[in-house]
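This briefing is intended for a reader meeting the structure for the first time. Please keep the sequence and the model at hand while reading the points below.

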Amino acid sequence: MNILVINGSPKGTRSNTWKLTTAFLEGLKQSLSETGTEAQVEELQVNRLDISPCLGCFSCWNKTPGQCCIQDDMQQVISKLLWADLTIWSFPLYYYTVPGGLKTLIDRQLPMVLPFMVENESGTGNGSHPSRYDMSGKKTVIISTCGFYTAEGNYDGIYSLFDHECGRNQYTAIFCGQGELFRVPEVSGRTNEYLSYVKQAGQEYAQGGISPQTWEKLNQLLFPKETFEAWADASWGIDPNTSSKESDTLIFTRQMAALYQKDSYPGKDLVLEMYYTDVDECYQILLGKDGSKVYTDHSLTATTRIETPVTLWRSIAAGEIRGDEAMMQQLYKVKGDFSFMLNWDTYFGSGTPKADSPASTAASPQKETNMNILLIPWIVLWIAAAIDRHWGCLATIGVCTLVPLFFYRNRKTIYDILTGALVTGISIAILSGAPTGLMVPLSYLAFGVMWLSSCFGKIPLTAHYSKNGYGGEDALQNPLFMKTNRILTMLWGILYLFTTVFTWFLMRTSFSSYTGLINSVLPIFMGIFTAWFQKWYPAKVARGK
Ligand SMILES: Cc1cc2nc3c(=O)[nH]c(=O)nc-3n(C[C@H](O)[C@H](O)[C@H](O)COP(=O)(O)O)c2cc1C
């Protein structure tokens with residue numbers, strides 16, 4: 001398949017739109033090569049071509065039919081247009097139509113048509129010119145970005161032009177608003193997500209057509225209108241009251257504030273104070289129920305203060321450095337309420353529009369792990385088997401057989417499976433006559449060893465479960481989260497080794513049937529400690545102490 005790509009952006013390959021076009025092309029080529037179709041691609045960068053405006057002399061119709069009187073790069077363009085099976089037009093929207101250079105190229109296609117007036121077969125307008133060449137079977141894709149928040153309603157001129165040129169519904173058009181965001185590293189999470197849909201579109205196009213699901217993704221806004229417009233206004237760096245130029249650091253802070261998701265409002269106003277240590281500038285962002293506002297006079301009381309070089313924070317915002325890793329290395333400090341940091345993604349969003357925005361789709365719910373699935377079989381064993389070895393163990397086995405039912409709603413972990421096997425095994429052993437005085441302490445030992453040994457693996461046991469409250473799988477990349485969980489898992493493991501010894505002696509007293517109940521007291525305190533430690537330890541690291 002011969003593919004011609006025409007980039008009409010005056011910015012050439014630095015164009016926003018070009019990013020979409022290369023993504024589409026990548027998907028297209030990938031899919032074609034999978035089906036064994038050879039793809040030859042030619043690129044034309046209009047900004048590098050020498051194409052003069054049409055003189056309107058019609059000599060290409062009368063004096064030298066099919067040949068323009070101007071000798072420039074247009075002859076090469078026409079031969080490529082005739083060579084191509086598929087032409088991809090890539091351009092930004094300029095004044096609701098194509099940029100001037102591309103319009104000149106389009107005008108200069110006149111030698112490709114015959115002068116005669118014929119009925120318009122495509123049903124657009126009144127009259128057209130027949131093609132001088134056999135263009136049947138050739139395909140057209142148009143890819144464009146524009147500056148407003150949406151492409152909707154802005155592309156009438158383009159539709160009109162290509163409806164006449166190719167025929168209505170005879171081409172595929174991908175139009176995307178908020179185009180300038182494709183050059184902003186701070187929002188690359190969202191723009192890369194969008195580019196992945198464009199690539200997907202390219203793959204599907206090669207297989208016969210873009211699916212409705214992919215169209216739905218392509219038609220989503222990058223950001224909600226309000227967020228984008230606040231961000232775009234801030235990017236000019238002009239003080240709306242004085243019209244004076246603002247510092248780059250203030251512009252950056254305003255753009256950060258613009259990304260605030262007001263539907264994450266926690267019920268009280270929050271003030272994030274950013275102190276940029278390298279430039280000695282300090283700004284406060286008020287996060288309220290109606291949106292965010294940047295204060296330059298430090299008149300507010302900060303909820304949370306971040307002390308960071310602006311260069312570092314920019315790199316974090318651009319995704320070049322992980323914020324949690326930088327915190328772990330104490331490259332910046334956080335003072336005041338640390339919980340703000342834990343909810344950062346909720347307040348400032350990952351870039352994916354929220355459910356109430358016009359661009360939203362229903363997110364597919366991710367199954368979560370559940371620590372109760374791990375704990376309940378052990379607790380039943382410890383309480384029930386100690387009270388009545390026969391019925392207690394039968395009840396425990398019953399609970400273990402019910403556990404798989406939870407996996408319809410919850411994600412299972414290796415420790416859930418291990419628990420099922422260990423608890424069932426211990427129960428069967430007791431039912432078969434093994435002494436409870438031995439088996440119950442052994443069960444505590446098994447439980448403790450399970451926790452302790454996980455500390456030496458990649459993911460400590462508690463992390464499998466507590467990640468649910470800290471951004472899911474992403475939390476496992478967070479070194480501070482992992483270290484906190486490693487410490488906690490170790491402490492729980494040690495507690496249960498201690499419990500093993502304690503139980504061994506307890507089982508030999510008249511309180512043996514209360515073992516399970518007595519042994520529940522310490523974990524309650526340990527649970528309270530865990531809840532406190534999970535917040536205290538990361539905050540301590542963040543304070544830089
Ligand atoms: C001269 C000029 C005219 C523009 N006209 C429009 C317009 O009519 N509608 C719009 O939404 N954006 C308009 N824009 C914004 C561009 O379409 C937008 O920045 C686009 O993403 C640039 O893409 P590019 O980097 O591929 O050239 C205009 C930009 C310029 C420089």
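In this predicted model, the structure holds 1 cavity of 30 Å³ or more. The largest cavity has a volume of about 90 Å³, and 13 residues line it, with Cys54, Leu55, Cys60, Cys68 and Arg108 closest to its centre. The points that follow are grouped by topic.

**Cavity and pocket**

- Sorted by class, the residues lining the largest cavity comprise 9 nonpolar, 2 polar and 2 charged residues.
- The second largest pocket has a volume of about 1200 Å³.
- A total of 32 residues line the second largest pocket, and those nearest its centre are Val113, His129, His164, Glu165 and Cys166.
- The lining of the second largest pocket is made up of 12 nonpolar, 12 polar and 8 charged residues.
- At least two lining residues of the second largest pocket are supplied by each of β3 (86-92), α3 (100-107), β4 (139-145) and α4 (156-166).
- Helix α4 gives the largest share of this lining, with 4 residues.

**Domains**

- The domain assignment of the protein lists domain 1 as residues 2-222, domain 2 as residues 238-348 and domain 3 as residues 371-543.
- Between the C-alpha centres of domain 1 and domain 3 there is a distance of 62 Å.

- Strand β1 is largely enclosed by the rest of the structure, because 6 of its 6 residues are buried.
- Asn2, Leu4 and Ile6 point to one side of β1, whereas Ile3, Val5 and Asn7 point the other way, and all are buried.
- In a regular strand, side chains alternate between the two faces of the sheet.
- With strand β2 (residues 40-45), β1 pairs in the parallel sense over 6 bridges.
- Asn7 stands opposite Gln45 of β2.
- β1 (residues 2-7) also pairs with β3, again in the parallel sense, over 5 bridges.

- β3 and β4 run parallel and are joined by 7 bridges.
- Ser90 has Ile143 of β4 as its bridge partner, and Phe91 has Ser144 of β4 as its bridge partner.
- In β4, 6 of the 7 residues are buried, so this strand is largely enclosed by the rest of the structure.

**Thr172 in strand β5**

- Thr172 is placed in strand β5.
- With a relative accessible area of 16%, Thr172 counts as buried, because the cut-off for that class is under 20%.
- Apart from its neighbours within four places in sequence, Thr172 is in contact with Thr140, Val141, Ile142, Tyr205, Ile210 and Trp215.

**The loop between β5 and α5**

- Gln178 is found in the loop that links β5 (172-176) and α5 (188-206).
- The relative accessibility of Gln178 is 0%, so Gln178 counts as buried.
- When neighbours within four places in sequence are left aside, the contacts of Gln178 are Cys146, Gly147, Phe148, Tyr149, Leu221, Leu222, Phe223 and Phe228.
- Val187 also has its place in the loop between β5 and α5.
- Val187 is buried, with a relative accessible area of 4%.
- Beyond its neighbours within four places in sequence, Val187 is in contact with Leu181, Phe223 and Leu259.
- Val187 and Ala318 lie 131 residues apart in sequence, and their C-alpha atoms are 7.0 Å apart in space.

Terms used: Residues are numbered from 1 along each chain as its sequence is written. This is a predicted model: local features need pLDDT of at least 70, side-chain atom pairs count only at pLDDT 80 or more; totals for chains, interfaces and linings use all residues. Side-chain values use heavy atoms; hydrogens and water are left out. Buried means under 20% relative accessible area, exposed over 50%, partly exposed in between (1.4 Å probe, protein chains only). Contact means heavy atoms within 4.5 Å. Domain bounds come from an automatic or database domain assignment. On a 1 Å grid over the protein atoms alone, a cavity is a set of points where a 1.4 Å probe fits but cannot get out, and a pocket is an open set with protein on both sides within 12 Å along at least five of seven lines; lining residues have an atom within 4 Å of a point. Grid points are joined across faces, edges and corners, and a volume is the space filled by probe spheres set on the points. Ala, Val, Leu, Ile, Met, Phe, Trp, Tyr, Cys and Pro count as nonpolar, Asp, Glu, Lys and Arg as charged, and the others, Gly among them, as polar. Two strands pair if DSSP finds at least two bridges between them.
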